[in-house]
Amino acid sequence: MLFLKYMHILLVTIFVNSLCLEANSFRRYRFVVKEASYKRLCETKTILTVNGKFPGPTLKAYNDETIIVDVFNKGKYNITIHWHGVKQPRNPWTDGPEYVTQCPIQPGNKFSQKVIFSKEEGTLWWHAHSDWSRATVHGAIIVYPKPGSDYPFPKPHAEVPIILGEWWKEDIMRVLEDFVASGGQPIDSDAYTINGQPGDLYPCSNNDTFKMKVKYGKTYLLRLVNADMNEILFFGIAKHNLTVVGVDATYTKQLTRDYIVISPGQTMDCLFHADQDQNQYYYMAAKPYVNGVGVDFDNTTTTAIVQYNGTQQIPSSIELPILPPFNDTASATNFSFSIRSLNTKLHPSSVPLNITKRIVSTISVNVFPCPPGQTCAGPNGTRLAASMNNISFVNPPIDILEAYFYQINGVFGKNFPIFPPLVFNYTADFIPLELEIPKRGTQVRVIKYNSEIEVVFQGTNVVAGIDHPMHLHGFNFYVVGWGFGNFDEENDPLNYNLIDPQIRNTIIVPKNGWTAIRFKADNPGVWFLHCHFERHLTWGMETVFIVRSGRGPTERVLPPPTDMPPC
C-alpha cells in the first residue's frame, strides 16, 4: 500500500511538472486593459486601451505556434479579447466573444488566454469583443512562416502595419448607450484614422499625422487591418499601385490595383514599390464605401504621408490618391471578388466538394414596434433591429460554450433555420411592412464533426439594403460564389469557383445580393457567426454554430482553462 501511495504521488508530480513545462514553453504577452488620456481633433478624452497604447501592441507569432496572453482588466468596464482569424483548433474557450464562449473579464480580474495558431500566415488582428470597446481596444497580429520557410513572393525591404480605425469625440460607451436607448442609428464618428491618427484633413491633426519613410527603389509590405466600427473603406497611395499578396492570413495570387477595398474585420497584405519622384510627398488615404439609402455615415477622409528618404522640404501641396465615389458598388465588388487563392503545392486550396448541408440565411435590417410610453428614432417611430433568418439574436445570461459543455438547459435553442422561414422576393424595391419585424431568440445550429458545409448569405432590402461583412469564428472558408439579386439554388452553383476561390474569415455580402461560402467542420467547439458592422451586431445580426466533437481524442474540444471568468 505504501508503495502504491508513493507511486501515485510520483505520477501526479510528473503530470503537474509536465503541465508547468508546457506552460513555460509558450511565449507570453502581457495585456493590461486600462484607461489612458489621448488628444485628437483638438480635444482630450479618456479611452480604454491595452498597455496604454492606441492602437494596441502588435502580437508576433509563427505558423503552428502557441502563445499565452495574460489579460489583466484594470479598466472600468467588463472586457473580452478575440483573436480575429485565429482558428484556435479545439480551443473555443479563449476565442473571446462575450456570452458566446465566455463571460467577460470583470474589472480587477485576469484571464490567461491560450492562442493556438495552425495554418495561418500573414496579417490578422485582435480586438475587444464586448460592448463597443473594440473602437480603441485593438491591434495587429503578424503570423510569420515557420523558421526556414519563405514568403511566396519576393522578400520586402520592410513591413509596416497600417491599422484603419474610427474616432469619436464622445466617449464610446456613451455613444453606445445613447444609440441603444434611441432605437435609431448611432451618431457618426468624427474621424477615420490611420495608425491612430486622423491626418492632415482634420483640425488639430497635421503635426501628428502618421508618416511612412521609404527608400527609392525598395518594395514594402503593408499589413492592413480594418478596425473600423461601421464602414467598409477604399484605401490607396497617390501615384503608387498596391499588389495584394494575402488576405486574412492566407496567400493569394498577386492582384495589382491602384486602390483596395477592405471591410471591418478584414486584413490584407499588400506590396508597394517606391518608384515615384523622390522630391514629393504622397498621401495614403482611406474613405468610406457606403451604398445604403438613408444610412448615416462619416463621409470624411483620413490620410497619412509617404515620404522618400532625403526629402527635406514639405511641398506646398500633397497629392491624394484617386479613390472611387463613396457609393461606387461596381468598383467595390469588382475588387473584392477579383481576389483568388494562391493554390500551389505548398499553399493548396482544398474546396469541399461533397456538401453535407447547405444553410441559406437571410441577413436583414429590421424594426421592432416602439414600446408603449417611449419615443423611438427608427423609421416611422420604430426601433431598428437586425436578424439572420428572421431571428434577432439575444445574448444569454451565461455563455453558450459553458452551457453546451456542462449541459445546462434553457440557455439556448438548437433551432436556427437552415432556410429562410419567410420566402419572398428578398431584394424587391418594395417589401410588405409585416416582413420587417423579426422574432427574438438565442438559436444555434448544431453541425456534425467533419461535415462539409455550404452557407449562402442572402442580403435583403427589408428596411434598408446594404453590404454586410460576415465573419465566422473558428474557421477559414472558401468564397465560392456571389451575385446580385436572389440566390438561385439550381443555376448559381453552376458558376461557382471550385478551383482557386479566395480563402477568408470575413467576406462582404453585396447590397441586395448573395455570397456563398464553404468550409469543412473539422474544428469542434462553439463558434460565433456575425456581421462585423458593430451596429448590426448590437441589433442582432448573428448566430452560433456548434460543431460536435468527433470520436477520436484529437477530435474533441480541449478541457476548459482553470481561470475561466465567472458569469
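This is a predicted model: local features need pLDDT of at least 70, side-chain atom pairs count only at pLDDT 80 or more; totals for chains, interfaces and linings use all residues.

I looked up one of them, Asp131, and found it in the loop between strand 7 (122–128) and strand 8 (138–144). Asp131 is partly exposed, with a relative accessible area of 37%. A patch residue needs over 30%, so I could see why Asp131 qualifies on that count.

**Entry: a nonpolar patch**

Next I went to Phe405, Tyr406 and Ile408, which make up a nonpolar surface patch with about 270 Å² of accessible area together. Tyr406 sits in the loop between helix 4 (400–405) and strand 23 (439–441). I read its relative accessibility as 45%, which counts as partly exposed.

A salt bridge needs the nitrogen and oxygen within 4 Å.

**Entry: salt bridges**

How many salt bridges does the structure hold? I have 13 in my notes, and I followed a few of them.

Lys146 and Asp64 meet through their side chains, N to O, at 3.8 Å. Lys146 is in the loop between strand 8 and strand 9 (158–167), while Asp64 is in the loop between strand 3 (59–62) and strand 4 (66–73), so this pair ties together parts that are 82 residues apart in sequence. I have Lys146 as partly exposed at 38% relative accessible area, and Asp64 as partly exposed at 49%.

Lys253 pairs with Asp500, and their closest N and O atoms are 3.0 Å apart. This bridge links distant parts of the chain: Lys253 belongs to strand 15 (residues 250–257), and Asp500 to the loop between strand 27 (477–484) and strand 28 (503–504), 247 residues apart.

Arg358 bridges to Glu489, with the closest N and O atoms 3.7 Å apart. Arg358 is in strand 20 (residues 357–368) and Glu489 in the loop between strand 27 and strand 28, so the pair ties together parts that are 131 residues apart in sequence. Both came out as partly exposed: Arg358 has a relative accessible area of 26%, and Glu489 is at 46%. I then saw that Arg358 and Glu489 belong to a network of salt bridges that also links Glu454 and Arg518.

**Entry: a distance to Lys253**

I also looked up Ala332, which lies in helix 3 (residues 329–336). Ala332 is buried, with a relative accessible area of 3%. I noted 19 Å between the C-alpha atoms of Ala332 and Lys253, which are 79 residues apart along the chain.

Last, I turned to the backbone. Most residues other than glycine have a negative phi, and most peptide bonds are trans.

Which peptide bond is cis, with omega near -10°? I found it running from Phe54 to Pro55. Pro55 is in the loop between strand 2 (43–50) and strand 3.

Asp64 turned up again here: its phi is positive, about 75°, although it is not a glycine. I had already placed Asp64 in the loop between strand 3 and strand 4. Asp248 is also no glycine and has a positive phi, of about 50°. Asp248 lies in the loop between strand 14 (242–247) and strand 15. I checked accessibility for each: Asp64 is partly exposed at 49%, whereas Asp248 counts as buried at 1%.

Methods: Residues are numbered from 1 along each chain as its sequence is written. Side-chain values use heavy atoms; hydrogens and water are left out. Helices (H or I, at least four residues) and strands (E, at least two) are DSSP runs, numbered from the N terminus. Buried means under 20% relative accessible area, exposed over 50%, partly exposed in between (1.4 Å probe, protein chains only). Patches are made of residues with over 30% relative accessible area and no salt bridge: like charges are joined within 9 Å, nonpolar side chains (Val, Leu, Ile, Met, Phe, Trp, Tyr) within 5 Å. Accessible areas come from the Shrake-Rupley method with a 1.4 Å probe; for residues, only the protein chains shown count as cover.
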